[in-house]
Amino acid sequence: MICNHLPPATRLTESFSNLLDHLHIETPPKSNLNHPNWDLICEEKHSTLTMSPKEVISEKWREIHGENEWDNLLHPLHPWLRREILKYGEFAQATYDAFDFDSFSEYCGSCRYNCSKIFEKLGLDKNGYKVYKYIYAMSHIDMPQWLQRSRLGDTWDKYSNWMGFLAVSDDEETRRIGRRDIVVAWRGTVASSEWYQDFQIKLEPIGDADAKVEHGFHTIYTSKCDFTRYNKSSASEQVMKEVSSLVQIYREKGEEVSVTITGHSLGGALALLNAYEVAATIPGLPISVISFGAPRVGNNVFREELHRMGVKTLRVVVKQDLVPRMPPGDVFNESLQVFDEIKGRLDWVYTHVGVELKLNIRSSPYLKRGINLLGFHSQETYLHLVDGFISSSSKYRSDARRDVALVNKACDMLVDELRIPHCWYQMENKGLVCNGYGRWVKPKRDPEDIPSPI
């Protein structure tokens, strides 16, 4: 039991301690590796491209997106599938990198850049997609720490947060992947360590039948308010309006269309809710979800409904990450599922959806040993492990392309021999600029980057 009068840090430590006691997470020695010559490794890595080759997958895209539940593609991990997982994982990471989480900024909770600039600013302008529209969600909901709010009274908006974007493949990428791909990328929590204690642990109905989902996730997805500027319509309504319109436009042109939904942590939970709604609304549309470090979202019936509607879900999970084991009590819940045939379907039990690709921190020679809960859950750690994954019985692949330094953007996971500072990703001078009078001030955004009404 967590005492609410204790400081947040103390409550968080107690929460994690209790979870670790129950989950038996391995705690290997801090450093038990005989490292090779790191200088030579770094020099070699610095002279290689950071992106794997883009193969033409037009004839195999349905298989790569789960038509056969990724049978024979995960162990070993097919290089084409690895490349696609990383592509969508970069979209999920972009929702963090472009997010203004500075609580002293008048634009806190918004995207730093407009739709036409975001990929260019984040170095993703060669991915073959164009951002089409932004998604906003209510921040004043009964779930502390989930979304970001400014400390200032005069802000861009007091009630909403930027929660992600819709993007569409351009003509060249469409030819490579064999269809027009509509991507929805959902943002997770910025302070991911703080929300373990904030679960509502309450299921509520969604759609028909007995499908139920976690109350807090569903609230974020569906909340709206008439007097808000950005959430007169909910995140759900915003996404469905644009997806429905885009599917109609491209189908009328005779193109094959797919929807791929991605997200990390909370974003992975919202991705499943989004996939459920798209599948229920637009029949015959290929829909896949590629999530990273996502918690459980709903009950058995919710899982069965997604399967019945043809939604393909690939869950990328790090063995040491606690979030995919949430909501709490999952070991007990899963053991109860054995008795389904005797007691009927347990519509109050949380369960995961889809196929799992499990990664292990210990597979990478670049990552520190020991417990680092933030690092285990970081999306950059996930992408690093995907890039080096061959199979659960193989070593980290020697020809991995992704820049290792990215792992330490917001955590301290890399071995010291690499000499990469921890938590190095931040705005230059923490966002302050020197004006013409020699004063250090918060800069004004370019007019095109200031949030505007939907």
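Good morning. Helices, meaning DSSP runs of H or I with at least four residues, and strands, meaning DSSP runs of E with at least two, are numbered from the N terminus. The model above is predicted, so to speak of local features a pLDDT of at least 70 is needed and side-chain atom pairs count only at pLDDT 80 or more, while totals for chains, interfaces and linings use all residues. Residues are numbered from 1 along each chain as its sequence is written, and side-chain values use heavy atoms, with hydrogens and water left out.

Let me begin with the chain. Its secondary structure comes to 14 helices and eleven strands. Of its 454 residues, 54% are buried, that is, under 20% relative accessible area with a 1.4 Å probe, protein chains only.

I now turn to empty space. Rolling a probe the size of a water molecule over the atoms shows where such space is left. On a 1 Å grid over the protein atoms alone, a cavity is a set of points where a 1.4 Å probe fits but cannot get out, whereas a pocket is an open set with protein on both sides within 12 Å along at least five of seven lines; lining residues have an atom within 4 Å of a point. Grid points are joined across faces, edges and corners, and a volume is the space filled by probe spheres set on the points.

The largest pocket has a volume of about 1,500 Å³. It is lined by 45 residues, and Phe99, Phe101, Arg112, Gln426 and Met427 are the closest to its centre. Helices H4 (79-97), H13 (373-377) and H14 (379-388) each give two or more residues to this lining, and H4 gives the most, with three.

Which element gives the most to the lining of the second largest pocket? Again the answer is H4, here with eight residues. This pocket has a volume of about 610 Å³, and among its 26 lining residues Met51, Glu90, Gly123, Leu124 and Arg402 lie nearest the centre. Its lining divides into eight nonpolar, five polar and 13 charged residues. Here Ala, Val, Leu, Ile, Met, Phe, Trp, Tyr, Cys and Pro count as nonpolar, Asp, Glu, Lys and Arg as charged, and the others, Gly among them, as polar.

Finally, the cavities. Helix H9 (266-281) and strand S8 (312-318) each supply at least two residues of its lining, with H9 giving the most, three. The lining includes Gly268, Arg315 and His352. Thank you.

Terms used. Buried means under 20% relative accessible area, exposed over 50%, partly exposed in between (1.4 Å probe, protein chains only).
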